[in-house]
Amino acid sequence: KMPWESLEGEIATWNQVVWHCTTVLFNAEQRLYDSIFPNQPSISQKLFGDLARYVIIRLLNFAQGAVLTKWSAEKLFKFLDMYETLREDIVGGSYLESCAKELAYETSTTKDMIIEAIVAMFCDLKTSIKNDNERIPVPNGAVHPLTRYVMNYLKYACEYKDTLEQVFTQGQGANIEGIEIQNHKSIHEEVEDVGMPKNSPFALQLITIMDLLDANLERKSKLYRDLALHYFFLMNNKRYIVQKVKGCVELHELMGDNWCRRRQSGLRLYHKCYQRETWSKILQCLKPEGLQGTRNKVSKQLVKKRFKCFNAMFEEIHKTQCTWMVSDEQLQSKLRISISALVI
C-alpha cells in the first residue's frame with residue numbers, strides 16, 4: 001500500500017541492509033557467539049542460526065511485499081537492483097546449516113517472484129508501445145516523445161545487460177508468460193543475422209521492442225497529410241534510434257553492425273523519398289523542354305513565367321519547411337547540403 005515514491009527509497013535502503021547484514025553484521029555476530037560458547041559449537045550455531053533465520057526471513061518478506069505492488073515499466077531498475085542483491089549468496093556459511101534448506105527455498109522463491117515482475121514490466125513496455133494509438137501527429141515532424149522514452153529506457157536497461165540476460169534465461173526456463181516471442185522463427189533468424197547468439201533472450205526482447213516501435217512510428221507517420229513530412233518524420237525518428245544504438249556500447253553490441261547498416265540504408269531511402277516529394281515538382285520549372293516559341297527561339301515570356309513559378313513554389317516550400325524540426329545537427333547539415341546540391 002506504500003506509495004512508489006516512498007517504496008523506491010525503502011528498496012535502496014533494503015539493498016544496503018542486506019549487503020551489510022551478510023558481509024558485516026552476521027560475521028561479527030557469529031564471532032560473538034563463538035566467544036561466548038567457545039567449547040559448545042552446537043549451542044553457538046543453534047542460537048546464531050535462529051537469529052540469522054529471523055533476520056533473513058524478514059528481509060525476504062520485504063522483497064516479496066515489494067513485488068506485490070502494482071507493476072509498471074518505470075519500476076524495472078529498482079527490481080533489478082533487488083535481484084542483483086539476492087543473486088549473491090545470502091544464505092551461505094556453516095552456521096546456517098540447521099535452516100539452510102528453508103532459507104534457500106525462500107530466497108529462490110523470492111528471486112522467482114522478482115524475475116516474474118521484471119518480465120511483466122518488459123511486457124508492459126511492449127504493450128504500451130503496441131497500444132499507443134495517439135491520433136495527433138507530433139508538430140513539425142520532430143522526434144516523437146515515445147521514441148525518446150523507449151530508446152532512453154533501453155539504453156539504461158543495457159547497463160544491466162548481464163543481469164537481464166540471466167533473468168530472461170531463467171524466465172524462459174521457467175516458461176514465464178511474456179517470453180513466448182522467443183520461439184518465433186523470424187526473430188531467431190534476425191538475432192543470428194545481427195550477430196548475436198541464438199540463445200540470447202535479452203537480445204530477442206530488444207529486437208521485439210524495436211520492431212514494435214518501428215510499427216508504431218509507421219502508423220504515426222501516416223497521420224501527416226503532407227507526404228514529404230511523412231518521410232521527414234520517419235527519417236528524423238529512425239535516425240534518432242540508430243544514433244542511440246551506436247552511442248551505447250552495450251546496445252550496439254546486442255543489436256549488431258548488420259542491424260545498424262540495414263537501418264542506415266532505410267534512412268537513405270527516406271531521404272530520397274523526402275527529396276522526391278518536396279523538390280521534383282519545383283525542379284520541373286527549370287527544365288529547358290517547352291521553352292521554344294516561334295521560329296525555335298527561346299521565349300523570354302515563358303522563361304520569366306517559369307522563374308516566377310519556381311520562385312513562388314520555392315517560397316511556399318521554404319515557408320512550410322523552415323518550421324520542421326531536426327534535432328540531430330549532422331542530419332540537419334546533410335539535408336541542407338543535399339537540397340543545395342539538388343537545386344543547383
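Colleague: In which helix does K334 lie?

Modeller: This is a predicted model, in which local features need pLDDT of at least 70 and side-chain atom pairs count only at pLDDT 80 or more, while totals for chains, interfaces and linings use all residues. Residues are numbered from 1 along each chain as its sequence is written, and side-chain values use heavy atoms, with hydrogens and water left out. A helix is a DSSP run of H or I with at least four residues, numbered from the N terminus. K334 belongs to the run of residues 329-343, helix α13.

Colleague: Is K334 buried, partly exposed or exposed?

Modeller: Buried means under 20% relative accessible area, exposed means over 50%, and partly exposed lies in between (1.4 Å probe, protein chains only). With a relative accessible area of 41%, K334 is partly exposed.

Colleague: Which residues gather with K334 in a patch of positive charge?

Modeller: A patch is made of residues with over 30% relative accessible area and no salt bridge, and like charges are joined within 9 Å. Lys and Arg count as positive. On the surface, K334 gathers with K246, R268 and K272.

Colleague: How many salt bridges are found in the whole structure?

Modeller: A salt bridge is a side-chain nitrogen of Lys or Arg within 4 Å of a carboxyl oxygen of Asp or Glu. A search of the whole structure gives a total of 10.

Colleague: E102 and R53 meet in a salt bridge; how many residues apart in sequence are the parts that this pair ties together?

Modeller: The N to O distance between these side chains is 2.9 Å. E102 lies in helix α4 (residues 100-130) and R53 in helix α2 (residues 41-67), so the pair ties together parts whose separation in sequence, in residues, is 49.

Colleague: Which residue meets D328 in a salt bridge?

Modeller: The partner's side chain meets that of D328 at 3.2 Å, N to O. D328 is in the loop between α12 (300-321) and α13, and its partner is 89 residues away, in helix α9 (residues 227-247).

Key:
Patches are made of residues with over 30% relative accessible area and no salt bridge: like charges are joined within 9 Å, nonpolar side chains (Val, Leu, Ile, Met, Phe, Trp, Tyr) within 5 Å. Accessible areas come from the Shrake-Rupley method with a 1.4 Å probe; for residues, only the protein chains shown count as cover. The place of a charge is taken as NZ of Lys, CZ of Arg, CG of Asp or CD of Glu. Helices (H or I, at least four residues) and strands (E, at least two) are DSSP runs, numbered from the N terminus.
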